[in-house]
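What follows is a walk through one structure, from its aromatic contacts to its charged pairs and its surface. Please keep the sequence and the model in view while reading.

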Amino acid sequence: MPDPLDMSLDEIIRNKKKSAGVSSNVRGIGSGPGPGPARRFGNRELLRTTPYSVAPVFQVLEAAWKQEVFTGGVSTMETGTKLYISNLEYGVSNDDIKELFSEVGELKQYSIHYDKSGISKGTGEVVFLRQTDALAAIKRYNNVQLDGKPQKIDLIGANF
């Protein structure tokens, strides 16, 4: 066989096809080069003997979680506590909700739910930065009338 460096590309491909045999054209049969991944079972002895290292971010998160659980500390990773408000008068706006609930504590998010035509559904959501503020808002405003209707306030996703 001539040196591959002295051969043209067409000759190299032709010789490769001849040496691969008939079974190389059928997918999954044969061990020659062809479509699909080559299966190599010789590397089974290279199994990992040591565990994977834990990324530093996860170590920090795990440490914060352990501190909160075992010491009863307040989580510094708290993402907010959501309240669902229902039975609202249809004229209550986002600004009304912001004004009312920001008196209790710092709001992260607030909104009134509207249907496709832009009419209020009579419900809304408020997310407080701190859970204690959310609980205080429930005590302060649940069943209290806002524009003539008693609003119902529920805690969403609470883990007590």
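**Aromatic contacts, salt bridges and a surface patch**

Phe-101 and Tyr-141 are both buried, where buried means under 20% relative accessible area, exposed over 50% and partly exposed in between, with a 1.4 Å probe and protein chains only. The model is a predicted one, in which local features need pLDDT of at least 70, side-chain atom pairs count only at pLDDT 80 or more, and totals for chains, interfaces and linings use all residues. Residues are numbered from 1 along each chain as its sequence is written, and side-chain values use heavy atoms, with hydrogens and water left out.

The structure contains 2 aromatic pairs; rings of Phe, Tyr and Trp (its six-membered ring) pair if their centres lie within 6.5 Å, and planes under 30 degrees apart count as stacked, over 60 as edge-to-face and the rest as tilted. Phe-101 and Phe-128 are edge-to-face, because their ring centres are 6.3 Å apart and their planes meet at 70 degrees. Phe-101 belongs to helix α3 (residues 94–101) and Phe-128 to strand β3 (residues 120–128), so this pair ties together parts that are 27 residues apart in sequence. Helices (H or I, at least four residues) and strands (E, at least two) are DSSP runs, numbered from the N terminus. Phe-101 has 0% relative accessibility and therefore counts as buried; Phe-128, at 0%, also counts as buried.

Phe-101 forms an aromatic pair with Tyr-141 as well, edge-to-face, with 5.3 Å from centre to centre and 75 degrees between the planes. Since Phe-101 lies in helix α3 and Tyr-141 in helix α4 (residues 131–141), the pair ties together parts that are 40 residues apart in sequence.

Another ring, that of Tyr-90, has the charged end of Lys-149 over it, 5.2 Å from the ring centre. A charge sits over a ring if NZ of Lys or CZ of Arg is within 6 Å of the ring centre and within 35 degrees of the ring normal.

How many salt bridges does a search of the whole structure find? There are 4, a salt bridge being a side-chain nitrogen of Lys or Arg within 4 Å of a carboxyl oxygen of Asp or Glu. One of them joins Glu-125 and Lys-82, with the closest N and O atoms 3.5 Å apart. This pair links distant parts of the chain, Glu-125 being in strand β3 and Lys-82 in strand β1 (residues 81–86), 43 residues apart. Glu-125 is partly exposed at 21% relative accessibility, and Lys-82 is partly exposed at 30%.

Arg-130 takes part in a salt bridge with Glu-106 (3.8 Å, N to O). Glu-106 lies in the loop between α3 and β2 (107–114) and Arg-130 in the loop between β3 and α4, so the pair ties together parts that are 24 residues apart in sequence. Glu-106 counts as partly exposed at 43% relative accessibility, as does Arg-130 at 38%. Arg-130 also meets Asp-133 in a salt bridge (3.1 Å, N to O). Asp-133 is buried, with a relative accessible area of 11%. Through shared partners, these salt bridges join Glu-106, Arg-130 and Asp-133 into one network.

Ile-12, in helix α1 (residues 9–20), counts as partly exposed because its relative accessibility is 31%.
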